[in-house]
Amino acid sequence: MGQSRSAESIDTSAETPRLTFDGMSFYILLHTEIADKYKNKEVSPMHNFTKYVNPHLGRLLEQVRMDKVFTRGEGQYLYDSGGKRYLDFIAAYGALPFGYNPPEIWQALDEVRAQAQPSFIQPSALEAAGDLARRLVELAPGDLQYVTFTNSGAETVEAAIKMARSATGRMGILSTTNSFHGKTLGALSATGREYYQTPFGAPVEGFKSIPFGDLESLREELETNGSDYAAFILEPIQGEGGIVTPPPGYLPRALELCHQHGLLFILDEIQTGLGRTGKLFACEDENICPDLLLLAKALGGGLFPIGALLSTAPAYTRDFGDRHSSTFGGNTLGCRVGLKVLDILTRDDQALITRVRDNGRRLLQALDQLQRRFPRVLKAIRGRGYILGLEFGMSRSDFTDCFLSVLSEQDNLTPLISSYLLNAEGLRVAPTLNGNRVIRLEPSLTATWEECQMALKSLENVLSVLDSGNTLEILRPVLELDEKSTQPVPLKEKHSWDRYQPSPDPREGRFAFLIHPLDLYNYHQFDPSLKALPAEKLQELADLGANILDPFVIGRTTVISKAGYRAYGEFITLPYTAREMLDLKTEVILKELEKALDLASSRGARLVGLGAYTSVVSRSGTLLQGRFLPLTTGNSYTVVAGAEAIKLAARRFSMDLGRCAAAVIGATGSIGRTMAILMSEEMERIILVGNSRHPQASSRRLRRVGADICIHLSGQMSQGKAPASALAARLRQMELPAPEQPQEDWLPVAEEMEKEGLLVVTTELSQALPHAQVVITATSSVDDLINPMWVAPGAIICDISKPSNVRPSLRQVRPDVLVIDGGVVAVPGRPSLGWDFGFEPGLAYACMAETMMLALEHHYTDMSLGTNLSLDNMIYLRSLAHKHGFDLAQLRSFDLPLSEDQWRQVAEARSQTDNPLKFGSIS
């Protein structure tokens, strides 16, 4: 999950048959067929909501299994198309004061119809509007005198902004951070959340937000710019902000400050008003009366949209009265519903509201007990009455190897909790819009204590699942798993997340390294419980992660070299597999890389390494060069480590590389090209293998690599060095251009070497592999490229590609062939990297090691970018490895160490083959 990749891609699908050699190969082929089947599976018809209303929200609801089709609502309960019942504790964000289809509200509507009362009769004396306005003024606190009717909460806010500007002659509107006042342009400008504003040109001029509940910030702003503002608008409890209550005394003191500076005080009670907090109006708890009081939601009784702006006489000007109107505002149906709502709320000395207050207190007490039982998961309880917020959080410290902690870190856990409660517990809740860590409990005012107890039991169940770190159980509804497959999996013992921390010492180097899952099976390396998922379910999880996750830190480490240098680094992962990264448009994946680089910079990195396909899609870093932090692909030291691994393996088998041919697959990529150049110093013959999809273009590029080989060997000889290869020996006999001459002048030399068979250029693996005793794979292909039947007897394959280009089944089919992983390095001191990358603690890919070494040296400049890697840089990095104690790890095969028994088995199989050094010609 981290090796940097060369930008060369090889396709041999047309020439590589799928062969079943043994059980292991069958498993791999079966896995591929399952993945292909899932990719092409039939999907259920798209719902009309997704197709015609909101495709983006619709698809997300489908992914998290919250796309229920509810066919009936009654009281506190919804029923889906299959007849299943759900307890609704959302209540349309407070717009359902009496649950679904309340009979008395329907009765009010029926009476309008039965009496044939006219609905829209402006301009005239609106009887129903007058009756409702009088009733609201009678019930409202203080000196509120006039009512302006609207059709929604956002429209009510718009009317309040106009009224405040008309009354004061000022244009500025002050609001609070993390507030929510609606999504029309003026209301959105007062909403203190950039996420909702930015795409729509909000906030418009004149709007500003300050921290909620902070009197000092309000005082400072008013003393500085008070004369600019017409009004201060805020909620008595921030609803979408996460059910946030201000400190006691904040509201009355804020009102006083506003009046001192000539501002109107607007209280947005669209969500809190009409009984929600255990009072008819939330402001009654502080015994205050605003200049403007905003109502909506509950005023419509759950059946008809209506809003109301209550204002004092001084706030209501003639300009406003003459020039503000609404076609549907004050309509008969809405006002008759509003009157019935007030009748129900005030009946029996506000008995229903009193019950909300009492049950709310009991709910808070019960939730407080749950928080004491599950402090690792349930972080805070806020609110009062029937508007309560539960703040969830799962830290990496408490849940190190748990996918849920990553979701929590990015505020993506609460949608899955809501999905689980809906599908597994039959409880309908929702996160707050601005406070994504918070789930609201906002039932209808008619919810009984027994129904509250049902909700509490469901919450206890989900808290228990979360506290056990049971990722699969939380994902069960989303992935449609059966309960048997979601039992908790014991977590591997790893170091504490907090073990490695950055030091304030400026001598400590700082780096980050970008990685991603190479394939679906990397997911269960991070969260072991995901190992139980079949391929198609892992793919669903990967798709969900790609939709909702941003890059995140997956591991941390501190490297202390043998020279005493120190560097702290973090591994940042992107939620895309190798194949997904290749399939994404360049501009899309570059934006994701930019997010990762921004994260690295914000966390203090001074150098960033590009691992795996982050290097490929950025063209070996060149598309990102100079725009962010210094970068490295790590490819230079990858080449050094790969070459050392080949030489070590050859020594174990007493192979004379000077009598062998090496085939480099992906030879036009940065790693493949440089490996070919380095190995030309040792090998008798170099076979350069390119992309079969574009044979002519690839062959031209391969011949340029051949010219680079000749230039390098000539340069070595001119410096008095004596490469022992047959290539070098032949060059000594030829009349050559000067090493500094352009590449074009060396192409005829490379062509001559081709004619003599010392250099081979091909795009056909089936022709190349039988003649190579050393095979190097360095491609960006995600496919298995090596057909075991094509490999020469006794060959060594150095697989630098990740994902691997070699099937594990090759070991059974061809026991005489040794496959080694290229570029695996032991880090000095063997620190944990927080993510094992399939290795034992303290091992890393060479590209990671290059990043670490540069950070140890404070070498914060670009390195190893582009295709043409510098041999001088390789020499430099080899010296850094020696200085700091980075050593080639014990040779490995398919991510596991090669044991002495395995060496012996390969040696015995080699002894039974034809002469492993024998090779013929390639036509």
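Contact here means heavy atoms within 4.5 Å. Before going on, please keep in mind that this is a predicted model, in which local features need pLDDT of at least 70 and side-chain atom pairs count only at pLDDT 80 or more, while totals for chains, interfaces and linings use all residues. Residues are numbered from 1 along each chain as its sequence is written, and side-chain values use heavy atoms, with hydrogens and water left out.

Phe-886 belongs to the largest nonpolar core, which has 207 residues; Phe-886 and Phe-232 have the most contacts inside it. A nonpolar core is a set of buried Ala, Val, Leu, Ile, Met, Phe, Trp, Tyr and Cys residues joined through side-chain atoms within 4.5 Å. A residue is buried at under 20% relative accessible area, exposed at over 50%, and partly exposed in between (1.4 Å probe, protein chains only). Helix H13, residues 332–373, gives the largest share of this core, 14 residues. Helices (H or I, at least four residues) and strands (E, at least two) are DSSP runs, numbered from the N terminus. Apart from this core lies another one, of 29 residues, including Trp-497, Ala-546, Leu-590 and Ala-596.

How many residues of helix H17 (residues 471–479) are buried? Nine of its nine are, so the helix is mostly covered. The buried residues of H17 pack against helix H3 (55–63), helix H14 (403–409), helix H15 (413–425), helix H16 (449–467) and helix H19 (535–548). After H17 comes Glu-480, whose phi is positive, near 55°. Glu-480 also takes part in a network of salt bridges with Arg-65, Lys-537 and Glu-540.

What is a salt bridge? It is a side-chain nitrogen of Lys or Arg within 4 Å of a carboxyl oxygen of Asp or Glu. By this rule the count comes to 46 salt bridges. One of them joins Arg-134 to Glu-138, with the closest N and O atoms 2.8 Å apart. Both residues lie in helix H6 (residues 127–139), four residues apart, about one turn of the helix. An α-helix has 3.6 residues a turn, so residues three or four places apart point the same way. Arg-134 is partly exposed, at 47% relative accessible area, and Glu-138 is partly exposed at 48%.

Another pair of this kind sits in helix H11 (residues 250–260), where Glu-256 and Arg-253 are three residues apart and separated by about one helical turn. Their closest N and O atoms are 2.9 Å apart. Asp-550 and Lys-595 also form a salt bridge, with 3.1 Å between the closest N and O atoms. This pair links distant parts of the chain: Asp-550 is in the loop between H19 and strand S17 (552–560), Lys-595 is in helix H21 (residues 586–602), and they are 45 residues apart.

Now for the rings. A pair of aromatic rings is described by the distance of the centres and the angle of the planes. Rings of Phe, Tyr and Trp (its six-membered ring) pair if their centres lie within 6.5 Å; planes under 30 degrees apart count as stacked, over 60 as edge-to-face and the rest as tilted. By this rule there are 11 aromatic pairs. The rings of Tyr-146 and Tyr-316 have centres 5.2 Å apart and planes at 45°, so this pair is tilted. Because Tyr-146 lies in strand S4 (residues 144–150) and Tyr-316 in the loop between strand S10 (307–312) and helix H12 (318–323), the pair ties together parts 170 residues apart in sequence. Together with Phe-320, these two tyrosines form one aromatic cluster. Tyr-146 is partly exposed, at 34% relative accessible area, and Tyr-316 is partly exposed at 30%.

The rings of Phe-511 and Phe-571 have centres 6.4 Å apart and planes at 80°, so this pair is edge-to-face. Phe-511 is in strand S16 (residues 509–515) and Phe-571 in strand S18 (residues 566–573), 60 residues apart. Both Phe-511 and Phe-571 are buried.

Finally, look at the outside. Val-53 lies in helix H2 and is exposed, with a relative accessible area of 59%.
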